[in-house]
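Dear colleague,

Please find the structure below. My notes on helix packing and domains follow it.

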Amino acid sequence: MDEKKYAKLEQEISPKIPLMKNILKAFLTGGIICLVAQFVALFYMTYFDFTERTASNPTVATMIFFSMLLTGFGLYKKIGQFGGAGSAVPITGFGNAVISAAIEHKSEGYVLGVGSNMFKLAGSVILFGVFSAFVVALIKTILVKLGVVSW
Amino acid sequence: MEGMNIRKFGLLIIIVFLLLGCSNVKNDIRVQNNSSEDPVKIKELLTKDERIKSAAVLFHERELLTAVRMKTFSRFSKRKIGKELEKKLKEYYPELNVTVSVDNKILMEMNKLMDMKKQEKVSKKIKKLKSLIKEET
């Protein structure tokens, strides 16, 4: 059996991925997470002194807190199984990545296990987030200094 | 059987939320005047603008506070529209302190402020709102 034959066989046997269904599921899951976040933002705007612009920070923190609780109780993985990328792309996926790594390495002790492995997955998110923010700010600063755009 | 019910329920919720977006279409522009300025010009400007859904305008002593809410697809460029409005209003009322906000929170607070009975507290509240508009963090 050569390579081409194997590839053909593999394609025939392996089950077809329901692409449209998965996309729809991810869309709905991500949308519902964002709907919840919208209500949280509305809550902060109604009961505290946050404007539309400033309410985003506490909202993000609250959504991460929710997803951490759900991960701890084992519910977030069910959402992840259903929604796929729809549950990973919003900020709740970040909270899930942090807490699931912490739970996984709990048996290795609190310092060397939880402490050093907690940001195993989420660490790259922070690193590249900070780095890309730096690059964007640098470009904007240069453009402002050149007088192309204004703050 | 059970799963089917949950699915139907979920579909119902999705449809309800989708249809909720269709309601709530109202175009109200509230103007409250506690000064000797002429409020007709600003009212005309705001009603004529197709992009504005609702607005609250308050004249108080030397302050002119305006909060507007854009229609859905104008919301993407709401800061720009707000700046445009501010410029026009400064032309119309050169001797007033003009403040324009496109933030929903400010609109909410302005409506609360207009319903308030006690007039002494209004200046204090306006000061607070203006600092809230300037807040960046």
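A crossing is called left-handed if the near helix is turned anticlockwise from the far one by less than a right angle, and right-handed if clockwise. Helices here are DSSP runs (H or I, at least four residues), numbered from the N terminus.

This is a predicted model, in which local features need pLDDT of at least 70 and side-chain atom pairs count only at pLDDT 80 or more, while totals for chains, interfaces and linings use all residues. Residues are numbered from 1 along each chain as its sequence is written, chains are lettered from A and ligands numbered from 1 in the order in which they are written, and side-chain values use heavy atoms, without hydrogens and water.

In chain A, helix α2 (residues 19-47) packs against helix α3 (residues 56-72) at about 130°, and their axes lie 9 Å apart. Axes are lines fitted to C-alpha atoms, for helices over the stretch in contact, and angles run from 0 to 180 degrees between N-to-C directions. The crossing of α2(A) and α3(A) is right-handed.

In chain B, the axes of helix α4 (residues 104-115) and helix α5 (residues 122-134) come within 11 Å and cross at roughly 180°. α4(B) is therefore roughly antiparallel to α5(B) (an angle over 145 degrees).

Chain A is divided into domain 1 (18-120) and domain 2 (123-151), with bounds from an automatic or database domain assignment. Their centres, taken over C-alpha atoms, are 26 Å apart.

Yours sincerely

Conventions:
Helices (H or I, at least four residues) and strands (E, at least two) are DSSP runs, numbered from the N terminus. Angles under 35 degrees count as roughly parallel, over 145 as roughly antiparallel, 65 to 115 as roughly perpendicular and the rest as oblique.
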